[in-house]
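Student: I have a new structure to read. Can you take me through it, feature by feature?
Tutor: Gladly. Ask about one feature at a time.

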Amino acid sequence: MIFSLEALVLSKEKLGEIDLLVELFTPKGKIWSIAKGAQKSRKRFVNLLEEFNFIKAHLRKTSKGKFPILEKADLLFLPESIRNDYRKYIMISYMGEILSKINFYGLFVEYFSFIKILFKEIEKNELILLLKPFFELKILKFSGWSPEFFQCVKCGYKPKKVFYLSIPEGGILCFKCKDENSESINLETIEVLRNLIEIPVHFEKLKKLEKDLEKSIEVKEKIFKISEKFFKYFLPFEWNSLKFLNLR
Ligand SMILES: [Zn+2]
C-alpha cells in the first residue's frame, strides 16, 4: 500500500552499497525510509533528498517492523537562500539537529506546520538572531518543558517588579520563594522571554523585538543565555551544531 505525505528531509545516510536511509519529518512524526538504489541511480530522486527540502513523499509500507520504502518524491519547497547564506545555514542546521534528536509525542500536525512556516519565513527573510532563543523556547514548549515566565513556579504569585529566575525550578520565582539556585532578573528581560514563548511564527514581530533589543545589548545577551541554559538543562543532548552558532 502506498501512502503519501508532506515531509522535511532531515538527513540521509548510506545503507549498504546502493540504498539510502532517509530521515523524514512529517505531520505523522518522524519516519525513516529507504530510497532503493538512490546511491547508484540519482535519476529517480535527482537532488530531491537534500537536507531541508520539503517533499511530497510517496511511501510503500513493508512488513511490520521494517522501514517503509520511499517509492517517489515530488519537490514542494527548496530552501535556496538558506543553502547559500552561511549564517542562515548554520541556524537551520541547529534546528535540524534538534528535530532529529528530539522525539515528540502527539501534536505532530501543529508541530510540522510550525516548522514548515518557520523554514519558509527564514528562506524569504533576512536572518533574525532572536530565532535561536525563539526556536529553543518553542521546542521546550512542544516537548512539555515550557519555562514559566508569568508566575512564581512555587506559589503561583504573579510578581510585578521583582523577579528571580531558577533554571532547575523551571521558571520565575517571587521574592518570598527565591532560593540559592535563583538569580535576580529584570522586568525587561522577562517581557522579551514572555514574548518569545507566546508569539507564533511572526517575522515582523520578531524583527521588531530584535530591533528594540539593539539598544539593550545586555538584555539581549541575557535572553540568549537563559534560553540556552533552559534548553540544555531540560534537553541534555550533545548539541554539535551549537559550536558553530556564535552569531551575535
Ligand atoms: Zn512564590
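Student: What geometry does the site of the zinc ion have?
Tutor: Look at the angles among the donor atoms. Four donors count as tetrahedral if all angles lie between 85 and 135 degrees. In this predicted model, the four donor atoms of the zinc ion make angles of 101 to 116°, so the site is tetrahedral.

Student: Which residues coordinate the zinc ion?
Tutor: The SG atoms of Cys152, Cys155, Cys174 and Cys177 do, at 2.3 Å. Along the chain, these donors follow the spacing C-x2-C-x18-C-x2-C. Take Cys155 and Cys177, a pair that links distant parts of the chain, 22 residues apart. Cys155 sits in the loop between α4 (131-142) and β6 (163-166). Cys177 sits in the loop between β7 (171-173) and β8 (183-185).

Student: Is Cys177 buried or exposed?
Tutor: Buried means under 20%, exposed over 50%, and partly exposed lies in between. Cys177 has 17%, so this residue is buried. Cys155 has 46% relative accessibility and therefore counts as partly exposed.

Student: How many of the 248 residues count as buried, as a percentage?
Tutor: The figure for the protein is 50%.

Student: Now the overall build. How many helices and strands are there?
Tutor: The protein has seven helices and eight strands. For extent, take a box along the principal axes. The C-alpha atoms fill one of roughly 65 × 40 × 25 Å.

Student: How much space lies in the largest pocket?
Tutor: About 170 Å³. The lining has 13 residues, and the closest to the centre are Glu51, Phe52, Ser93, Glu97 and Ser241.

Student: What classes of residue line the largest pocket?
Tutor: Five are nonpolar, five are polar and three are charged.

Student: How do I compare spacing in sequence with spacing in space?
Tutor: Count the residues apart, then take the C-alpha to C-alpha distance. Ile199 and Phe134 are 65 residues apart in sequence, with 9.0 Å between their C-alpha atoms. Gly65 and Leu131 are 66 residues apart in sequence, with 37 Å from C-alpha to C-alpha.

Student: Where do Ile199 and Gly65 lie?
Tutor: Both are loop residues. Ile199 is in the loop between α5 (187-198) and α6 (203-213). Gly65 is in the loop between β4 and β5 (69-77).

Student: Why does Gly65 count as exposed?
Tutor: Apply the cut-off again. Exposed means over 50%. Gly65 has 82% relative accessibility, so this residue counts as exposed.

Key:
Residues numbered from 1 in each chain as written. Predicted model: local features only at pLDDT ≥ 70, side-chain atom pairs only at ≥ 80, totals over all residues. Heavy atoms only, no water. 1 Å grid on protein atoms, 1.4 Å probe; cavity = no way out; pocket = protein on both sides within 12 Å on 5 of 7 lines; lining within 4 Å. Points joined across faces, edges and corners; volume = space filled by probe spheres on them. Nonpolar A, V, L, I, M, F, W, Y, C, P; charged D, E, K, R; others polar. Donors = N, O, S within 2.8 Å, 3.2 Å for Na, K, Ca; no water. Tetrahedral: all angles 85-135°; square planar, octahedral: opposite > 155°, others 65-115°. Helix = DSSP H or I, 4+ residues; strand = E, 2+ residues; numbered from the N terminus. Buried < 20%, exposed > 50% of the residue type's maximum accessible area, 1.4 Å probe, protein only.
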